[in-house]
Amino acid sequence: MKRKVMAEGEGSFNNNHGVAWWRGSLLGKGGFGSVYLAYLKKPKSRNAFYRPVMAVISAEVSSSSSLQKEKEVFNNLHDCPYILESYGEETTVSENGQMVYNLLLEYASGGTLADLIRRSGGCGLPELDVKRYTRSILKGIDYIHSHDYVHRDLKPENVLLVPSGSGDFVPKIGDFGLAKKVQKTKRRMFDSSIAGTILYMAPETLVDNIQESASEIWALGCIVFEMFTGKPPWGLNPNETIEELCKRIADGLELLEIPSGISKDGKDFLRGCLVKNHKFRFTIEMLLNHPFVSGIDDTEYLVRF
């Protein structure tokens, strides 16, 4: 996990360290807690759980229910190279008696996919990189769904870039604070508790409050679109209201314009993800076998460091 590094002393828990790790600089603050660097106190020790450098999300125990729920999700998604690793949890006590819940995670020194796209200056990423990142994210989504979860907030900000032994970065899905278990019933139950980021929400989510596996394929299509173009799906019109944006996404006739300067396979892949009717959207299996990503060898950069 990577956020913008802030000055020492800006966080609330700076002197609140763990048993085996030191708390470092504040990286950023999110909806569920503050994110810090964390360093193993004895970096040369053969600690089976921790890495020499990690990220730690911290919140007061009294307001850490969402963070603890995220840890439960990580417990069930612990063996996929395309999902951020969780190293454990620990409750610490500060000098003034404040109890703090800490979730220790893999540190993504490459930042987020959103950072990488932003650095393209609105030009987008090379197609070979788009292919490789897309296949990795797709495999991560497949793993999440195979364990009966939906992420519900897939977007470039929640794809973290972790260095590999090959000198490249492995994109990994993180931030499971809004994830939920899929109901295994033939009858769809109405769920009013939709969550996520509107720019990446599927039409059926906005119209019928449906957030299922097909909705994540739509979000993937939006991410791929952004990697190709360097711009967010549906644009950023400062004069457009949230209601107007939702209406455009939900409108069955208004489609995202597929970028012209990409390969035929890239265009077909995007069209398959961005079908407005979720019943006709490509499935994960179809996408994994699609020629846009099927020829990518993603094993060469999965060397552990």
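**A walk through the predicted model**

Let me begin with a count: a search of the whole structure finds seven salt bridges, a salt bridge being a side-chain nitrogen of Lys or Arg within 4 Å of a carboxyl oxygen of Asp or Glu. Residues are numbered from 1 along each chain as its sequence is written, and side-chain values use heavy atoms, with hydrogens and water left out.

One of those salt bridges joins the side chains of Asp168 and Arg132, at 3.0 Å from N to O. This pair links distant parts of the chain, since Asp168 sits in the loop between β7 (159–163) and β8 (169–173), and Arg132 belongs to helix α3 (residues 127–146), 36 residues apart. Helices (H or I, at least four residues) and strands (E, at least two) are DSSP runs, numbered from the N terminus.

Now to the sheet. Five strands form an open sheet in the order β1-β2-β3-β5-β4, with antiparallel pairing, where two strands pair if DSSP finds at least two bridges between them. Because β1 (21–29) and β4 (86–93) stand at the edges, each with a single partner strand, one side of each is left without a neighbour in the sheet. Further in, β2 (residues 34–40) and β3 (residues 53–60) pair in the antiparallel sense over six bridges, and Tyr39 has Val53 in β3 as its bridge partner.

Helix α1 (residues 65–76) lies across β3, β4 and β5 (99–106), running at about 35 degrees to β5; axes here are lines fitted to C-alpha atoms, for helices over the stretch in contact, and angles run from 0 to 180 degrees between N-to-C directions.

Turning to helix α2 (residues 113–119), we find Leu116 there. Leaving aside residues up to four places away in sequence, Leu116 touches Leu125, Tyr133 and Leu161, contact meaning heavy atoms within 4.5 Å. Leu116 and Gly230 are 114 residues apart in sequence, yet their C-alpha atoms are 9.3 Å apart in space.

Definitions and conventions: Predicted model: local features only at pLDDT ≥ 70, side-chain atom pairs only at ≥ 80, totals over all residues.
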